[in-house]
Amino acid sequence: MKIQASAFTDDFNDPLITIEADEEAHEEDLWFLPGPLEEEPDVLPPGPRAEPPDTAVIEDWAKAEGVHAARLARVAGSLGALDDRLLRGPEGWRHRLALIEAADLSWFAGDRVSSDRLALWISMRLSGAQDDPNALARVGWAVRRLTGGPGPKADLAAFLDRRDPENIEGSAERFEDRAGGWLDVMAAAAELHPITRACMGFHLWSLAGLGQHGDQMEAAVTASRIAASDGSGAIFAPLAMGGAGGLRVSGPPVDRLARWLEGMATSCLTAMRYLDDIESWFVRAETEMSPLSGKTPPALLATLTEWPLVSAPMAEAITGASRTAVQRNLAWMEARGLIREVTRQGRYRMWCTAN
């Protein structure tokens, strides 16, 4: 039997494909392989994408802080000067600024509580038929938080006086979880300046699910406490005394921080002017009232320093003096131009310092 020669060569040095053209031709024969990915249309529906982490927003605010570093330093200096001024001044100054700030914030939040109504509510819990009790309660809460107490970082729920109900449904989102998420983001932004961190927290308030009726007031008060967290004299950073333009919500973080810094700078300057006026008034009033005897004159001086507006019943309740003594001293001070009556009515009269 004749054996046929093998069709394969025994020369292993002679490759089967010797030129590039042959290689390309060989690949074209492989019809069963898929074509290039870019040639195939993407007809599949988009799948779920991973959500960015909550802390991803911090990078945008860090960039905004870098853009406004010089302005931030100037505003921090103004807040530091206010902090030192309040540290050296009487306790009544802090209370006076807190009342003014809370009243201005109420107009920003839409409650529109005037200074005289706020003073009567805080001092004696008096309200008129036209007053909204819920609005007064919100502004009263703001005054308490702006005058002292633990800050929001310790316990946000306690700071806001908000708790989950005991009979909350299992599927409902708990307030403690939303507050915890917001606090986690704020803690992750610890390297940012407190003023920048306060601005970021204010604008993330509603996104974190903390919003409800009055949430603008809550967000602003919380942010004002965070901005002044490094101080020892100023408990809060004024945000609305010079107008609420810095609290406007629009634009990217770099624009929001710019408005925030501008508004805080104006508010700090306004607060310093308030303190200048009340300090100069106190020196003049103390000198003119020095011949008067008794405990009522110095008690009235302290009350008028602490409260922007004072009525006779308020002064009686705060000083502990008799109504007759209070009215006699108020009339004496008004006659000498130390105070002026602002209501221009026979009943429920209120006075303020005449600077």
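**Close-up views of a predicted model**

**View 1. An open sheet of three strands runs in the order β1-β3-β2, with antiparallel pairing.** Three bridges join β2 and β3 in the antiparallel sense. To find your bearings, look for Glu 341, which stands opposite Trp 351 in β3.

**View 2. The largest pocket has a volume of about 440 Å³.** Its lining is made up of 21 residues, and those closest to the pocket centre are Ser 311, Pro 313, Arg 347, Tyr 348 and Arg 349. Two or more lining residues come from each of α5 (115-124), α13 (312-319), α14 (323-335) and β3 (350-353). Which element gives the most to this lining? That is α14, with five residues. By class, the lining of the largest pocket divides into nine nonpolar, six polar and six charged residues.

**View 3. The largest cavity holds about 70 Å³ of space.** The count of cavities of 30 Å³ or more comes to two, and here you can look into the largest of them. Leucines in its lining include Leu 82, Leu 86, Leu 97 and Leu 146. The class count for the largest cavity is ten nonpolar, one polar and one charged.

View 4. Of the elements, α5 gives the most, with three residues. How many charged residues does the lining of the second largest cavity have? There are no charged residues in it, alongside six nonpolar and one polar.

**View 5. Arg 112 has a positive phi of about 55 degrees, although this residue is not a glycine.** You will find Arg 112 in the loop between α4 and α5. Is Arg 112 buried or exposed? With a relative accessibility of 57%, Arg 112 counts as exposed, because exposed means over 50%.

**View 6. Asp 161 has a positive phi of about 60 degrees, and Asp 161 is not a glycine either.** This residue sits in the loop between α7 (156-160) and α8 (175-188). The relative accessibility of Asp 161 is 48%, so Asp 161 counts as partly exposed.

**View 7. Stepping back, the whole protein has 14 helices and three strands.** Of the 355 residues in the protein, 40% are buried. Among contacts with a separation of 6 or more, 65% are between residues 24 or more positions apart. The protein exposes about 20,200 Å², and carbon and sulfur atoms supply 53% of this area.

Definitions and conventions:
Residues numbered from 1 in each chain as written. Predicted model: local features only at pLDDT ≥ 70, side-chain atom pairs only at ≥ 80, totals over all residues. Heavy atoms only, no water. 1 Å grid on protein atoms, 1.4 Å probe; cavity = no way out; pocket = protein on both sides within 12 Å on 5 of 7 lines; lining within 4 Å. Points joined across faces, edges and corners; volume = space filled by probe spheres on them. Helix = DSSP H or I, 4+ residues; strand = E, 2+ residues; numbered from the N terminus. Nonpolar A, V, L, I, M, F, W, Y, C, P; charged D, E, K, R; others polar. Buried < 20%, exposed > 50% of the residue type's maximum accessible area, 1.4 Å probe, protein only. Contact = heavy atoms within 4.5 Å. Areas by Shrake-Rupley, 256 points an atom, 1.4 Å probe, with all protein chains shown as cover. Pairing = 2+ DSSP bridges.
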